[in-house]
Amino acid sequence: MSLPSVNPTKTETWKALEKHFQEIKARQMQDVFEKDASRSSRFKIEWQDFYLDYSKNRITDETISLLLKLLEEVNLKEAIGKQFSGEKINETEDRAVLHTALRDFENMKPEVKATLQKMKLFSDEISNGIHKGFTGKPITDVVNIGIGGSHLGPEMVTEALKFYKNHLKTHFIANIDGDGVAEHLKTLNPETTLFIIVSKSFTTQETNANASFIRDWFLKKGSREDIQKHFVAVSANVDGAKDFGISQENIFPMKDWVGGRFSLWSSVGLSICCAIGFNNFEAMLKGAFEMDNHFKKEGFDENIPVILALISIWYNNFFKAESESVVAYSQYLNKLVPYLQQAVMESNGKSVDRNGDRIEYQTGTIVWGNVGSNSQHAYFQLLHQGTKLIPTDFIGFSESLHGNKANHNILMANFFAQTEALWEGTHNKNVENPFKYFEGNKPTNTILIKRMTPKNLGSLIAMYEHKLFVQGIIWNIYSYDQWGVELGKTIAKETLKAIGQNKPSLIKNSSTEKLLAQFLKKLQ
Ligand code: F6P
């Protein structure tokens, strides 16, 4: 077996953590700051442009030291070595997990370099207007057709790095919903639009159907030969892309050792390259590479992704918190949460361990959230006064990119104030009205970053990638497969057959059968 397999709950440290939890669970922690002035200097990590403050958590030095000890018992060090050295740690799919190789500037594989070069040349030609459409006009719009990992990363990054964007307009067509596709097409001119079909497998129903529909739309104006000027593909399935009608030189390859939800660093990032230019894309890869080195080389007690993972385990497995929230105080990060939802929940939503046995403890956290300060006016009430414990990551930037200091100061004042309000509550204050009482003791991590740059964004994304990996190792699960998405796909194919034949009776489940009958009746 490639990765070590240890049931975390059977370790000595887990037992010690359970005992420690009994001591801490009811403790109102607010007073600790008054009693311990050095807490905020101890529970923090400064690294490059990042400052992580994790002092507003329901932890003590003992909590951290026990959690760090747990890492020895589950052999995290060995697991990290195996991932980075390309061992087939995704055992259920018999694959290595090497998205880090896509940004390994010390030891870059020749095929990675070649693909980056191809992306650079192509994206330059598109943005410089050298590549012309079928009527000789330069490209004005770039459309990414893909779903899941072939959509969420590119969209999140192009949104986050909008400030660095060129004149090209970028669009993302993911959903199979034909109304959504039609709304996009209304705004596009086939003469000046480039479509990038992104699918690692090139068998994804939504992507293939959307791509075919859009090709037909294109062919109302352009000819079959013109397709080469307007459609390119990103895929590990070169034959599939060729069968669709994309020529070899218009296919950007992907490797099977890059998982979909970790693929924005690969040729899947072509739409990012077109939108912000190759140099910015490369700077983002470098930022991720720096975080990789931090994760690999730094001691675990000073290691940002490791500490975040441990704190999350503490709440998930001991406090039994079911979810965690991520609130970025930056409009640029408005697509971060959907991206993280796939990364984290597709990876760690597992209930069978690495021995194939059913798990009897909690795994994968639910990730949700939105941007600040909007979230304050939406769901923060529940964070402050609800009955649920929701540990939250606050992400903010010291500098505003456009230099609107007045707004930025208000934004950041809210950013800091919320973590304080969540932590302190009205504890120790004489609040007589029970409706105005705030219990406080609500945990947060504050991730303060100097500036939203391509490099810092790369580091931030890699930070969350490594965090989820550490958690998967502790939970003794395979984080890099996603068998849980398959059953629904199979049933959808059978359902489509029943719809096509107008025969609800082909459906096994009586509820679905009746629903389908109703659906087909409404169609007539
Ligand atoms: O259905 C889930 C999934 O397999 C994701 O893991 C993946 O990112 C997405 O579908 C898209 O897959 P593809 O890139 O092969 O079209």
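The second largest cavity of this predicted model is lined by 6 nonpolar, 2 polar and 2 charged residues; in this grouping Ala, Val, Leu, Ile, Met, Phe, Trp, Tyr, Cys and Pro count as nonpolar, Asp, Glu, Lys and Arg as charged, and the others, Gly among them, as polar. The lining consists of Glu324, Val326, Leu340, Val344, Thr365, Val367, Tyr464, Lys467, Leu468 and Gln471. A cavity is defined on a 1 Å grid over the protein atoms alone as a set of points where a 1.4 Å probe fits but cannot get out, and a lining residue has an atom within 4 Å of a point. The volume of the second largest cavity is about 70 Å³, a volume being the space filled by probe spheres set on the points, which are joined across faces, edges and corners. At least two lining residues come from each of β8, α15 (336-348) and α18 (454-475), and α18 gives the most, with 4 residues. Helices (H or I, at least four residues) and strands (E, at least two) are DSSP runs numbered from the N terminus.

Residues are numbered from 1 along each chain as its sequence is written. Local features of the predicted model need pLDDT of at least 70, side-chain atom pairs count only at pLDDT 80 or more, and totals for chains, interfaces and linings use all residues, while side-chain values use heavy atoms, with hydrogens and water left out.

In total, 4 cavities of 30 Å³ or more were counted. The largest cavity holds about 90 Å³ of space. Its lining comprises 5 nonpolar, 4 polar and 3 charged residues, among them Leu308, Ile311, Ser312, Tyr315, Asp393 and Asn445. Here α14 (304-318), β8 (323-328) and β10 (392-397) each contribute at least two residues, and α14 gives the most, with 4 residues. Glu324, Val326 and Lys467 belong to the lining of the largest cavity and also to that of the second largest cavity.

Pockets, in contrast to cavities, are open sets of points with protein on both sides within 12 Å along at least five of seven lines. The largest pocket contains about 1000 Å³ of space. Among its 39 lining residues, Ser201, Thr204, Val485, Glu486 and Lys489 lie nearest its centre. The lining includes 13 nonpolar, 16 polar and 10 charged residues. Helices α9 (205-219), α15 and α19 (486-500) each supply at least two residues, and the largest share, 6 residues, comes from α19.

The second largest pocket has a volume of about 430 Å³. Of its 20 lining residues, Ser330, Gln331, Tyr332, His408 and Leu411 lie nearest its centre. Helix α17 (residues 405-424) provides the largest share, 3 residues. The lining divides into 6 nonpolar, 11 polar and 3 charged residues.

The ligand is surrounded by 14 residues, of which Ser150, Ser199, Ser201, Thr204 and Glu346 are the closest; a residue is near the ligand if one of its heavy atoms lies within 4 Å of it. Ser201 and Thr204 are also among the residues nearest the centre of the largest pocket. Polar contacts (pairs of N or O atoms within 3.5 Å) to oxygen atoms of the ligand include one of 2.7 Å from a backbone N or O atom of Gly149, one of 2.7 Å from a polar side-chain atom of Ser150, and one of 3.2 Å from a polar side-chain atom of Gln342.

Conventions. Polar contact = N/O pair within 3.5 Å; in protein donor to acceptor, adjacent residues only side chain to side chain.
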